[in-house]
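Please look at the sequence and the structure below.

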Amino acid sequence: MPDPASAAPERVLVLTPTASDAILTRTILEQAELDYEPCTDLIELSAKLEQGAGAILLTEGALATGTADRLVAALERQPEWSDVPVLVLAGGGLDAPAALWLMQALGNVTVLDRPVRIITLISALRTAIKARRRQYQLRDQLETIQQTQESLREASQRKDEFLATLAHELRNPLAPISNSLHLLQDDSTSKQLAQRAVGMMSRQLNHMVRLVDDLLEASRITRGNVDLHLEPLELAAVISAALDASRPLIESCEHQLSVTMPNQPVLLHGDPVRLTQIFTNLLNNAAKYTPNGGQISLVAKVEHMEDRDDVVVTIRDNGAGIPDDMLDRVFDMFTQVRRDTEQPRGGLGIGLTLVKSLVGLHGGSVHARPRPSDIGTEFEVRLPVLSRPSIAPSMEHAARSSDDLADRRILVVDDNRDAADTLGMMLNRSGAVVELAYDGLEALRIIDAHRPDVVLLDIGMPGLDGYEVAKQIRARPDADALVIVALTGWGQQEDRQRSRDAGFDHHLVKPVDFDLLFELLSPPKATT
């Protein structure tokens, strides 16, 4: 039946038995500026009631027509929140048989003696409408509560699914790491087998690092704490970098990949790393959710708009596809279209969230839709084209070279002894003179005694944490030339700001990028 909530709670449904009563009632209600709608009989009134009403005004005579049960049935069909006020004009007042019957059948009935004073009638109607407005407000509140509860249920379900998926994704790399450790601890393990075990551990560790990075990335981007390094660049360079990143997964699944690019260069104004991340995620997504030996295509074309040109990049696959009711929700955090044992390559449900956020930061849009053949899915990314041609820098960066660290005095501070010891070994092997400290107080003593050139300082230490150590170092009169590098698991924007405020020169997140670390540790080059 139609929702009574679809109509405003101001309308008074009026049923009078005679034409003269109808004229008089209309005159009174119009002068009182009350919204009303006349009804010819109870059947019509009952039908209009189901479309919504603020109050019902009728006479005792209207109830004597034998169809009063229609009104009773219509009132009983109201939602739980609804209790429409009914005003009955009765010649016998409360003693009128019809009025007594109606009061017994329904509770929200007001009986007025006829003839009724106009001011009494208007007052009663306005009071009834005011009460009806409160019912509608209650309905809105109930709907809001229900929507909130439903949203919380969905969020809780997504959270549970995400935690289960995260546990699964973390256990997978932990198993080969654990197995490899047992092999390395066995004295009978050959050197060749040990090298294979180390290679497996390295690959699985990188996989775990990517999972953690994705989680931090999703949190940072969805909160708007991400800085884009915008520059003019060619779409072809971005697509090429994304293809290089996703090709191992595509080839391991034996997919056929086709790429169609515009004949002319397409220039964008964007962050090369983030744009590459967008298309890498979409290509990896297509590869993961397409059965082995599937087909994936990437088609880019320029569309000319009235006020600008857009490049539209469409990535299609012939996989299982996305249900219609999930096409918009796939971009929500932690949403999994399907999670079962037949899909071993599933992720954490945050890749598409990152895609949508990053595309939006570039002034574009992304949409998912089923393919016309109903087999597979296509994602369409639309980005604005750079209006003025310019020379886009190459996406290729020369590999960084690390200078020899010979005689470079470095202090490594970390309460995790294994982390400090292994990093010290690597730096020693590069020629650095390394001192180790496992807490903040020991670090300060070593700084006074050995005067290092660089301090690699963990932040999250018990007792004297890295922030306080850095502040105390900077308070020394001869500490200006000392380079302090945060080496920590805390990598949010506020963490980086806090480390700068404490006196750190650089902020690196564990596990460290050694190329970047060695560049920071290298002595300053002499100037000519």
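In this predicted model, the count of salt bridges comes to 20. Side chains of opposite charge can pair when their charged atoms come close.

One of these salt bridges pairs Arg 11 with Glu 37, with 2.7 Å between the closest N and O atoms. It links distant parts of the chain: Arg 11 lies in the segment before β1 (12-15), while Glu 37 belongs to strand β2 (residues 36-38), 26 residues apart. Arg 11 is buried, because its relative accessible area of 13% is under 20%. Glu 37, at 23% relative accessibility, counts as partly exposed.

Glu 378 and Arg 369 form another salt bridge, their closest N and O atoms being 3.6 Å apart. Here Glu 378 is buried at a relative accessible area of 8%, and Arg 369 is partly exposed at 29%.

Asp 453 forms a salt bridge with Arg 409, with the closest N and O atoms 3.2 Å apart. This pair also links distant parts of the chain, 44 residues apart: Asp 453 sits in the loop between α12 (440-450) and β15, and Arg 409 in strand β13. Arg 409 is partly exposed, with 35% relative accessibility.

Five strands form an open sheet with parallel pairing, in the order β14-β13-β15-β16-β17. Its edge strands, β14 (433-437) and β17 (506-509), each pair on one side only. On average, neighbouring strands are turned by 20° against each other, direction ignored. Strands β13 (residues 409-413) and β14 run parallel and are joined by five bridges; Val 413 stands opposite Ala 437 in β14. Helix α11 (residues 417-429) packs on the sheet, where it touches β13, β14, β15 (454-457) and β16 (483-488). The direction of helix α11 makes about 175° with that of β14.

Terms used:
Residues numbered from 1 in each chain as written. Predicted model: local features only at pLDDT ≥ 70, side-chain atom pairs only at ≥ 80, totals over all residues. Heavy atoms only, no water. Pairing = 2+ DSSP bridges. Helix = DSSP H or I, 4+ residues; strand = E, 2+ residues; numbered from the N terminus. Axes fitted to C-alpha atoms, helices over the stretch in contact; angles between N-to-C directions. Contact = heavy atoms within 4.5 Å. Salt bridge = Lys/Arg side-chain N within 4 Å of Asp/Glu carboxyl O. Buried < 20%, exposed > 50% of the residue type's maximum accessible area, 1.4 Å probe, protein only.
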